[in-house]
Amino acid sequence: MKIPCPHCGERDVSEFRYGGDASRQRPAHGTGDLKAWHDYHFTFTNPKGPHTEHWQHVLGCRQWFRLSRNTATNVIAGVVE
Amino acid sequence: MAKGYSVFSLLRHALKPDSPWPMAWEKPTPRSSYDVVIIGGGGHGLATAYYLAKNHGITNVAVLERNYIGSGNVGRNTTLIRSNYVIDGNTQFFEHSMKLWEGLSHELNYNCMVSQRGQIVLAVSPVQLDVFARRGNIMRLNGIDAELLDRGEVQKLLPYLDYSKDARFPIWGAIHQARAGTVRHDAVAWGYARAASQLGVHIIENCEVTGMVIDNGRITGVDTTQGRINAGKVGIAVAGHTSEVARMAGLRLPVESHILQAFVTEAVKPIVHHVVSWGAELFYLSQSDKGGLVFGGHIDGFNTYTQRGQLFKIQDVMQCAVSLMPFMSRMRLLRHWGGIQDMTPDGSPFICRTPVRDLYLNGGWCYQGFKATPASGWTFAHTIANDNEHDLNRCYSLDRFEKGRELDDYGIGNWTYKQ
């Protein structure tokens with residue numbers, strides 16, 4: 001699998017670090033509801049299909065970015081702003 | 001249907017070659033309703049159905065498999081069994097599984113080729129050997145066999161490892177569980193399917209669940225590619241796709257699907273007589289009865305449902321293999337494959353009730369799915385039959401993260417893609 005880094009261009013996946021689901025919304029600071037934090041922290045949508053996720057080009061420019069990838073096929077739609 | 005396999009039935013069929021062996025399990029058309037429907041005809045689903053019938057007398061059971069029996073992860077693993085877990089809950093559960101493995105071929109009247117050749121986990125630093133000593137003490141306090149080996153003892157048992165002064169990870173010793181080993185994975189699926197079928201369980205292949213019928217917070221049936229099937233209770237046992245199936249019931253789970261690769265070399269004469277695991281990286285290897293070296297490593301590290309592994313992980317695992325066993329550099333890889341597993345935030349499974357009444361979950365199987373098969377089915381059957389967890393699987397509840405009762409046996413923390 002090759003990942004299009006927004007700065008360096010297309011590079012092998014082994015140069016990148018995976019950072020998990022990027023569509024999750026972190027509860028606001030001061031949220032007292034522990035269930036909200038639990039759901040944010042411990043549960044996953046884990047779709048079989050389109051997925052927006054964080055990657056870091058850790059062996060390159062070290063930039064973090066968001067990527068749209070289909071988890072059923074590993075086809076990458078591109079970088080998401 | 002074949003009632004019992006024995007030396008006499010073998011002789012009878014040998015003398016009458018024109019009489020074919022009967023089907024190992026029946027292929028019934030589904031009824032419109034069952035007491036219990038198990039989604040997933042893998043090792044865990046079939047074992048659950050078997051123990052529901054055997055231990056709890058519930059025989060009006062259907063196992064729904066979307067493909068054919070043996071097509072899923074039960075046939076895609078590296079077939080290892082062991083019970084060397086550290087955290088209370090895991091320790092007892094996996095030892096229960098080991099005890100069931102030890103009698104399984106007789107229990108099922110099916111040769112599962114249980115081979116207790118022993119597992120040796122190599123320590124690559126004195127600190128790691130201390131950690132293994134602690135693990136061994138915990139195991140022995142729970143009545144599980146464990147033995148600490150020093151470098152000289154390891155060298156006698158495994159003379160083919162790299163003991164040179166240039167070894168990147170010098171071998172300091174090991175922990176040995178003599179009762180660990182391997183099992184023929186296909187035979188586990190076929191054996192449980194046949195034994196369950198003989199007790200009256202319906203095994204329905206090519207029947208994919210497409211929806212769940214939930215009425216007032218209670219499940220009453222499932223929609224399938226073969227029509228609606230009503231059910232008193234429904235159990236999910238589809239590890240790899242647990243999130244997708246649970247979503248049909250509106251559940252969002254602490255599960256992410258990841259790929260784990262496995263590898264087999266060309267067949268060679270017997271050289272590796274144990275299961276060998278390495279403390280420097282996650283790497284484990286055994287030799288199959290056919291002679292191929294079967295081995296694997298860590299997950300690729302990002303969630304995916306494709307069964308295609310990435311090249312960089314193949315390279316990582318090969319580097320581990322050659323670093324530990326230099327002779328492997330001259331061997332050829334015969335094949336490799338990937339399986340999809342449920343990674344959980346603590347690397348431990350779920351065998352529990354769910355927020356939907358009469359819907360039960362068996363999932364979250366990461367590295368330990370195959371070795372857990374008998375105990376998983378045994379405890380899941382208990383949970384379904386009694387609408388309550390057994391003491392052995394009480395720790396595998398869905399709310400353990402809320403309660404601060406994670407079972408992080410690997411000590412990695414709540415990162416599914418690092419577990």
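The model is predicted, so local features need pLDDT of at least 70 and side-chain atom pairs pLDDT 80 or more, while totals for chains, interfaces and linings use all residues. Side-chain values use heavy atoms, without hydrogens or water, residues are numbered from 1 along each chain as its sequence is written, and chains are lettered from A, with ligands numbered from 1, in the order in which they are written.

Glu95(B) has a charged partner: its side chain meets that of Arg179(B) in a salt bridge, at 2.8 Å from N to O (the rule asks for a side-chain nitrogen of Lys or Arg within 4 Å of a carboxyl oxygen of Asp or Glu). Glu95(B) sits in helix H3 (residues 90–102) of chain B and Arg179(B) in the loop between strands S6 (173–177) and S7 (181–182), so the pair ties together parts 84 residues apart in sequence. Helices (H or I, at least four residues) and strands (E, at least two) are DSSP runs numbered from the N terminus. Arg179(B) is buried too, with a relative accessible area of 18%.

Arg179(B) also forms a salt bridge with Glu102(B), here at 3.0 Å from N to O. Glu102(B) is again a residue of H3, and Arg179(B) lies in the S6–S7 loop, so this pair ties together parts that are 77 residues apart in sequence. At 36% relative accessibility, Glu102(B) is partly exposed. Put together, Glu95(B), Glu102(B), Asp145(B) and Arg179(B) make up a network of salt bridges.

Elsewhere in chain B, Arg332(B) and Glu266(B) pair up in a salt bridge at 3.2 Å, N to O. This one links distant parts of the chain, 66 residues apart: Arg332(B) is in the loop between H9 and strand S16 (333–343), and Glu266(B) is in strand S12 (residues 256–267). Arg332(B) is exposed, at 61% relative accessible area, whereas Glu266(B) counts as partly exposed at 21%. Over all chains, the tally is 21 salt bridges.

And how many salt bridges run between chain B and chain A? The count there is one: Lys35(A) and Glu402(B) meet at 3.8 Å, N to O. As for the rest of the interface, 27 residues of chain B are in contact with 26 residues of chain A, contact meaning heavy atoms within 4.5 Å. The two chains bury about 2,300 Å² between them, 50% of it on carbon and sulfur atoms (this is the accessible area, 1.4 Å probe, that two parts lose on being put together, summed over both). Arg252(B), Phe302(B) and Asn303(B) supply 25% of what chain B buries against chain A, more than any other three residues.

One residue that touches both chains is His241(B): leaving aside residues up to four places away in sequence, its contacts are Lys48(A), Arg66(B), Tyr305(B) and Asp342(B). His241(B) lies in the loop between strand S11 (227–236) and helix H8 (242–247) of chain B and is buried, with a relative accessible area of 17%.

Chain A itself has one helix and six strands, running β-β-β-α-β-β-β along the sequence. The C-alpha trace of chain A spans about 40 × 25 × 20 Å along its principal axes, and 38% of the 81 residues count as buried. Among contacts in chain A with a separation of 6 or more, 47% join residues 24 or more positions apart.

A cavity is a set of points, on a 1 Å grid over the protein atoms alone, where a 1.4 Å probe fits but cannot get out; lining residues have an atom within 4 Å of a point. Points are joined across faces, edges and corners, and the volume is the space filled by probe spheres set on them.

The largest cavity comes to about 50 Å³. Its lining includes Asp162(B), Arg168(B), Phe169(B) and Trp278(B), and divides into five nonpolar, one polar and two charged residues. Here Ala, Val, Leu, Ile, Met, Phe, Trp, Tyr, Cys and Pro are nonpolar, Asp, Glu, Lys and Arg charged, and the others, Gly among them, polar.

The second largest cavity has a volume of about 40 Å³, with Glu281(B), His298(B), Lys313(B) and Asp316(B) among its lining residues. Strand S15 (292–303) and helix H9 (311–324) of chain B are the elements that give two or more residues to this lining, and H9(B) has the largest share, four residues. By class, the lining of the second largest cavity has three nonpolar, two polar and three charged residues.

Key. On a 1 Å grid over the protein atoms alone, a cavity is a set of points where a 1.4 Å probe fits but cannot get out, and a pocket is an open set with protein on both sides within 12 Å along at least five of seven lines; lining residues have an atom within 4 Å of a point. Buried means under 20% relative accessible area, exposed over 50%, partly exposed in between (1.4 Å probe, protein chains only).
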